[in-house]
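Thanks for coming. I will take a few minutes to walk through one structure, starting with a strand and its partners and ending with the chain as a whole.

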Amino acid sequence: MVEKVQILNAVNSAIEKAPKRNFQESMEIIVNLRNIDMAQPKNRIDETMLLPHGTGRVEKIAVLGKGDITTQAKAAGVDLIIGPEEIERLGGEKREARQMADTYRFFLAETGVMPLVGRFLGTRLGPRGKMPQPIPQGVDIGPIVDRLRKSVKFRTKDKKTFHVKVGSTGMNPDDVAENIDAVLKKVEANLESGTMNIRSIYVKTSMGPAERLV
């Protein structure tokens with residue numbers, strides 16, 4: 001859809017135009033769609049994909065459950081482990097549950113606690129597209145955690161404009177460009193008419209001006 005050299009030029013331009021910060025900013029693309037009815041669920045995008053070069057940061061992961069999955073979670077170095085009783089408690093602590101939902105990027109849960117998650121945390125996680133990935137008993141979560149740490153999740157819901165994180169300003173621009181190329185191919189594959197459904201694409205740092213790519 002777009003030549004890699006064009007993507008790299010847009011990445012470099014976005015970085016150059018962004019105000020200098022004392023910290024690394026995320027880099028993202030903004031995709032605007034056209035000629036597609038987003039009221040139809042079949043036309044919506046909801047993807048979690050592994051970026052070729054990661055996001056430039058380690059994404060925070062929470063694991064919900066008890067027993068073996070918590071042992072694995074500790075070995076994998078996940079950021080938060082929540083047992084059944086804590087799931088129930090958070091159901092009555094709206095502010096704390098909302099903060100948790102905003103802080104952690106991905107959630108995994110053993111299948112046995114999924115009913116509890118739906119009952120007590122569904123209203124916090126569901127609208128954010130963060131309902132846990134169910135993990136059957138006996139499944140090794142180590143590889144799943146490793147993959148998610150370098151993954152991004154993006155979804156359109158019923159909107160024609162959506163954002164996707166594609167890296168950070170501390171990364172090699174070539175790596176960011178390769179991440180963008182991979183995301184755009186995934187987006188195109190999800191659209192009924194492919195590139196014909198894309199109105200425009202912009203590249204930007206999280207706090208900088210947008211550079212038009214398409």
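Look at M27, which stands opposite G167 in strand β8. This is a predicted model, so please keep that in mind throughout. Strand β1 covers residues 26-33, and β8 covers residues 161-168. The two pair in the antiparallel sense, over 7 bridges.

β1 also pairs with strand β9, residues 198-205. Here again there are 7 bridges, and the strands run antiparallel. Two facing pairs can be picked out on the screen: L33 is opposite I198 in β9, and N32 has S200 as its bridge partner in β9.

What is the order of the strands in this sheet? The order is β8-β1-β9-β10, an open sheet of 4 strands with antiparallel pairing. At the edges are β8 and β10, the latter being residues 211-212, and each of these pairs on one side only.

How many of the residues of β1 are buried? Of its 8 residues, 7 are buried, so that the strand is mostly covered, with buried meaning under 20% relative accessible area.

Next, another pair of strands. Strand β2, residues 46-50, pairs with β7 in the antiparallel sense over 5 bridges. In that pairing, L50 stands opposite S151 of β7.

Now two loop residues. The loop between β1 and β2 holds N35. Its phi is near 50 degrees, which is a positive value in a residue other than glycine. Is N35 buried or exposed? N35 is exposed, with a relative accessible area of 66%.

The loop between β7 and β8 holds K157. The phi of K157 is near 50 degrees, again a positive value in a residue that is not glycine. K157 counts as partly exposed, at 43% relative accessibility.

Moving to a helix, M100 sits in α4, residues 94-103. M100 has a relative accessible area of 7%, and it is buried because the cut-off is under 20%. Which residues is M100 in contact with, leaving aside its neighbours within four places in sequence? They are L80, I82, L90, F107, L121 and L125. For a sense of distance, M100 and K204 are 27 Å apart in space, C-alpha to C-alpha, and 104 residues apart in sequence.

Last, the whole chain. The protein chain has 8 helices and 10 strands. Its radius of gyration is 19 Å, close to the 17 Å that the globule rule gives for 214 residues, so the chain is as compact as a globular protein of that length. The C-alpha atoms fill a box of roughly 50 × 40 × 35 Å along the principal axes.

Of the 214 residues, 45% count as buried. Among contacts with a separation of 6 or more, 76% are between residues 24 or more positions apart. The accessible surface comes to about 11100 Å², and 46% of that belongs to carbon and sulfur atoms. There are 34 positive and 27 negative charges, and their mean positions are 5 Å apart.

That is the end of the tour.

Technical notes
Residues numbered from 1 in each chain as written. Predicted model: local features only at pLDDT ≥ 70, side-chain atom pairs only at ≥ 80, totals over all residues. Heavy atoms only, no water. Rg over C-alpha atoms; globule rule 2.2 N^0.38 Å. Buried < 20%, exposed > 50% of the residue type's maximum accessible area, 1.4 Å probe, protein only. Contact = heavy atoms within 4.5 Å. Areas by Shrake-Rupley, 256 points an atom, 1.4 Å probe, with all protein chains shown as cover. Lys, Arg positive; Asp, Glu negative; His and termini not counted. Charge placed at Lys NZ, Arg CZ, Asp CG, Glu CD. Pairing = 2+ DSSP bridges.
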